[in-house]
2 protein chains.
Amino acid sequence: MSTSDPERSYHHGDLRTALVAAALEQLEAGGEAALSLRAVARACGVSAMAPYRHFAGKEDLLEAVAASGFEALAVSLEAADASAEGAQALAAQGVAYVTFACRHPALFRLMFMGPGCKADRSQAYAILERRAAALAGPRMSAGDLTLAAWSLVHGLAALILDRRVLLEGEAAEDAARRITLAFAQLAAGG
Amino acid sequence: MSTSDPERSYHHGDLRTALVAAALEQLEAGGEAALSLRAVARACGVSAMAPYRHFAGKEDLLEAVAASGFEALAVSLEAADASAEGAQALAAQGVAYVTFACRHPALFRLMFMGPGCKADRSQAYAILERRAAALAGPRMSAGDLTLAAWSLVHGLAALILDRRVLLEGEAAEDAARRITLAFAQLAAGG
DNA sequence: ATCGGATGTTGACACTGTACACAACCTGCC
DNA sequence: GGCAGGTTGTGTACAGTGTCAACATCCGAT
C-alpha cells in the first residue's frame with residue numbers, strides 16, 4: 001500500500017514491455033479484431049491513456065508487437081536453416097515458416113497484414129535469400145527463386161491460417177515439407 | 001417529396017444489393033478498417049439499423065461482399081485459363097490471380113483474411129485444380145501440385161499487397177508471369 | 001378496407017480510440 | 001534538505017462504433 005509495494009506504485013516500472021506482452025496475449029487469445037487498447041491497458045493495471053506515453057497510438061503498439069514477431073521468426077528460420085544443407089535446408093526453412101504461422105496465427109496475420117506495418121522484415125528475408133541464391137539454377141534467377149520460395153511458403157501459411165485449405169497440425173507441416181522439398185529440388189535442377 | 005419519388009420513399013427497393021455495393025465501394029476506398037456499417041447505411045440514405053433487416057450484422061454483410069468477390073475472381077480465372085493451353089494456361093491463371101489481387105486489394109484481403117469468412121472458394125479452386133491435375137508429373141501428386149500452385153500465386157499476391165515485396169503494376173504481373181511459368185514448366189517435367 | 005408481415009426509424013447502451021488538463025513521481029541541482 | 005522540471009500516469013470528455021428494443025410505415029393478400 002505504500003511506495004514500497006511495486007504493484008501499487010504510481011509508476012509501473014516497465015510499462016512499454018508489459019503493454020507489448022499484454023497485447024500479444026490478447027492477440028493470440030482473440031485475434032486482432034478483439035484487441036482493444038483499453039483492454040490492454042486494463043490488463044496492465046493502468047489507465048486507458050497511459051499507453052500513449054509509450055506509443056503514438058494503437059497502431060504503433062501493434063507495430064511493436066509485429067516487430068517482436070519478426071525477431072522470433074528470424075530466430076526460427078535461422079535454426080531451421082542450420083539444421084541441414086542445400087535443398088534440404090531451404091525446405092527446412094519453409095517448414096519452419098509454416099510452423100511459425102500455425103503456432104502464432106494472429107501474430108502472423110498482424111505481421112503481414114497489419115495496417116501499414118513497416119516492421120522490419122529484412123532480417124528474415126536475408127536468411128531465406130542467402131539459401132535460395134545458392135540453389136539458383138539456369139531455370140530461374142536467384143531473385144525469382146527467392147521470391148518464388150517465399151511466395152510458396154507464405155501462401156501456404158496464409159491458406160492454412162484462413163482455413164482455405166484444411167490441414168491441421170501435423171498434416172500442415174507434412175504438406176509444407178513435401179511441397180517445399182519438391183520445389184527446392186526442382187529449382188535446383190535435381 | 002411524395003411517395004412517387006423513389007429517392008424518398010420509405011422503402012428502398014433493393015437495399016440488400018445497394019448495401020453490398022456501398023460496402024464494396026467503401027472497402028476499396030479505405031480498406032476494411034475504415035468500413036463502418038453506419039457509414040454504409042448512410043451512403044444508402046438509410047438509418048443505421050436498416051441493414052439488420054437484410055444481414056445478421058456487419059460480419060454477415062462483409063461475407064456477402066466477399067462472396068461477390070469470389071464470383072468475380074472465378075470469372076477472371078476461367079477467362080485466363082481459356083486463353084492458353086497446358087503449362088501456359090496454368091501460368092495465365094496465376095497472372096490473373098495476382099492481377100485481381102492488385103486491382104482489388106481490400107476486397108482480396110477481405111476474401112481471404114476476413115473474419116471466419118466461409119464464403120465459397122470452391123468454384124475458383126475447381127478451375128485451378130482442373131488445370132493443375134492435368135500437369136501433374138512423377139515428381140508431385142496432383143493434390144500437391146494444385147496446392148503448391150495456389151500457394152505460390154496466393155503468397156505472391158499477399159506479399160505484393162502488403163508491400164512485403166516492392167512490385168508495382170506491370171512489374172507485379174511480369175514477376176507473376178515469370179514465376180508461375182517457370183513453376184508450371186518445372187512441375188510438368190519440361 | 002383491413003390485417004399481417006416485411007421493411008425502416010428512433011433512442012439507447014456499452015464500447016472504442018484519443019485529445020486536453022491535471023496529479024504524482026523521479027532526478028539533478030542548489 | 002528542498003525545490004524546479006521533465007517523465008509518467010490519471011480523469012474527464014467527445015465523437016464514433018455495433019447492436020438491442022420498441023415503434024412507425026408501407027405493401028400485398030384477403
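Copies of a chain are superposed here by least squares on the C-alpha atoms of residues with pLDDT of at least 70 in both. This is a predicted model, in which local features need pLDDT of at least 70, side-chain atom pairs count only at pLDDT 80 or more, and totals for chains, interfaces and linings use all residues. Residues are numbered from 1 along each chain as its sequence is written, chains are lettered from A and ligands numbered from 1 in the order in which they are written, and side-chain values use heavy atoms, with hydrogens and water left out.

**The two protein chains**

Select chains A and B. Chain B can be laid on chain A with an RMSD of 0.0 Å, by a turn of 180 degrees and a shift of 0.0 Å along the axis. That is the relation of a two-fold axis. Next, select B:Gly155, the residue of chain B that comes closest to the rotation axis, with its C-alpha at 1.7 Å. Of the interface residues of chain B, 100% are also interface residues in chain A, so the copies meet through the same surface; contact means heavy atoms within 4.5 Å.

**DNA strand C**

Sugar and phosphate make up 48% of the atoms of DNA strand C that come within 4 Å of the protein.

- A polar backbone atom of A:Leu37 is 2.7 Å from a phosphate oxygen of DNA strand C.
- A polar side-chain atom of A:Tyr52 lies 2.6 Å from a phosphate oxygen of DNA strand C.
- An N or O atom in the side chain of B:Arg53 is 2.7 Å from a base oxygen of DNA strand C.

Now colour helix H2 (residues 37-43) of chain A, which gives the largest share of the surface near DNA strand C, three residues. Helices are DSSP runs (H or I, at least four residues), numbered from the N terminus.

**DNA strand D**

An N or O atom in the side chain of A:His54 is 2.7 Å from a phosphate oxygen of DNA strand D. For B:Lys58, a backbone N or O atom lies 3.0 Å from a phosphate oxygen of DNA strand D.

**Within chain A**

Select A:Asp60 in helix H3 (residues 58-82) of chain A. The side chain of A:Asp60 reaches the backbone nitrogen of A:Ala56 at 3.0 Å.

Then select A:Leu61 and the residues that A:Leu61 touches: A:Leu19, A:Val20, A:Ala23, A:Leu37, A:Val40 and A:Phe55, not counting residues up to four places away in sequence.

Finish at A:His12, in the segment before helix H1 (15-30) of chain A. A:His12 touches A:Ala18 and A:Cys44, again not counting residues up to four places away in sequence. A:His12 and A:Cys44 are 32 residues apart in sequence and 8.7 Å apart in space, C-alpha to C-alpha.

Definitions and conventions. A polar contact is a pair of N or O atoms within 3.5 Å; within protein, one must be able to donate a hydrogen and the other to accept it, and residues adjacent in sequence count only if both atoms are side-chain atoms. A residue is near a molecule or strand if one of its heavy atoms lies within 4 Å of it. Helices (H or I, at least four residues) and strands (E, at least two) are DSSP runs, numbered from the N terminus.
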